[in-house]
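Hi,

Here is the structure I promised to pass on.

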Amino acid sequence: MNEALRRAMLQARVTDRQLAERCGVDVKTVGRWITETGRIPRARHRWAVCEALGEEETVLWPAAVRKAIKVGPDREVVSVYPYRSGCPASLWRSLITKSERELTFAGYTNYFLWLEQARFGTALRRKAAQGCRVRFLVGDPDSDLTRSREQDEDVALTLSTRIRVTLAELEKIRRQPGVDARFSDGHAYLSVFRFDDDMIVTPLLTHSVGHDAPTLHLRRHQDDGMFDRFASHIEELWKRGTPVWGEEANG
């Protein structure tokens, strides 16, 4: 029995038939993936399952990737996406759902999260109520840097408008203990999103918007590795940041 696959399907609320349709296989094939110990699907089917369930291949079929397990500093790199828009929305939802200690969203606008994640504010409120620290670092919509970047992007939905959408959504949950937000300009060209020991990092390229930026999925495996370096960067920006809600902000 592949318990990892069975649990992932239950958490994602995906049935055997639904998974079969997503992967282009017969429902009986999915049943064999679950019940037959050691059975490993073809690579393209494994990748389709991972995308459908928002889970990593190393979790569902560790034997399939054991030979490729990294042991050097780059072992913290889980996945690489040429574009942030290519990073599955299901992965973001899975990382948010599984986090227990910390959710830090250090994107300059964080606007896309409210579009791509259903009932995002409700999920954040629930996480904070369960003791998870929820933090947002956003750019100041009225700053010179924001205006400069708007000229660089030259898109209809301006940077300041996207920031204000996020601020309006955060206003709805600001009274929830554990939710906090600060203004910062130190991450204008590097977005970092932390989910406990997982992290999504997006360096912004010149003349591009966030969804076109290359994206890394990192997972912490060592002290002072890539994960810790980016985490320290965000902690320093948080210390220097200006509270969005002044003295009323939650700690």
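Which residues does the UniProt annotation "domain: HTH cro/C1-type" cover? According to that record, an unreviewed entry, the answer is residues 5-60. Keep in mind that this is a predicted model.

Now for the overall layout. The protein chain splits into domain 1 (3-67) and domain 2 (77-243). Six and nine are the numbers to remember for how they touch: 6 residues from domain 1 and 9 residues from domain 2 make up the contact. Taken over C-alpha atoms, the centres of domain 1 and domain 2 are 29 Å apart.

About 520 Å² is buried between domain 1 and domain 2, with carbon and sulfur atoms giving 39% of it. On the domain 1 side, Glu51, Gly54 and Glu56 supply 75% of the area buried against domain 2, more than any other three residues.

A salt bridge joins the side chains of Glu55 and Lys98, at 2.4 Å from N to O. There are also 4 residue pairs in polar contact between domain 1 and domain 2. The side of domain 1 that touches domain 2 has no nonpolar residues, 3 polar ones and 3 charged ones.

Cheers

How values were computed
Residues numbered from 1 in each chain as written. Predicted model: local features only at pLDDT ≥ 70, side-chain atom pairs only at ≥ 80, totals over all residues. Heavy atoms only, no water. Domains from an automatic or database assignment. Contact = heavy atoms within 4.5 Å. Buried area = accessible area lost by both parts, 1.4 Å probe. Salt bridge = Lys/Arg side-chain N within 4 Å of Asp/Glu carboxyl O. Polar contact = N/O pair within 3.5 Å; in protein donor to acceptor, adjacent residues only side chain to side chain. Nonpolar A, V, L, I, M, F, W, Y, C, P; charged D, E, K, R; others polar. UniProt positions renumbered as here; feature names shortened; annotations may be inferred.
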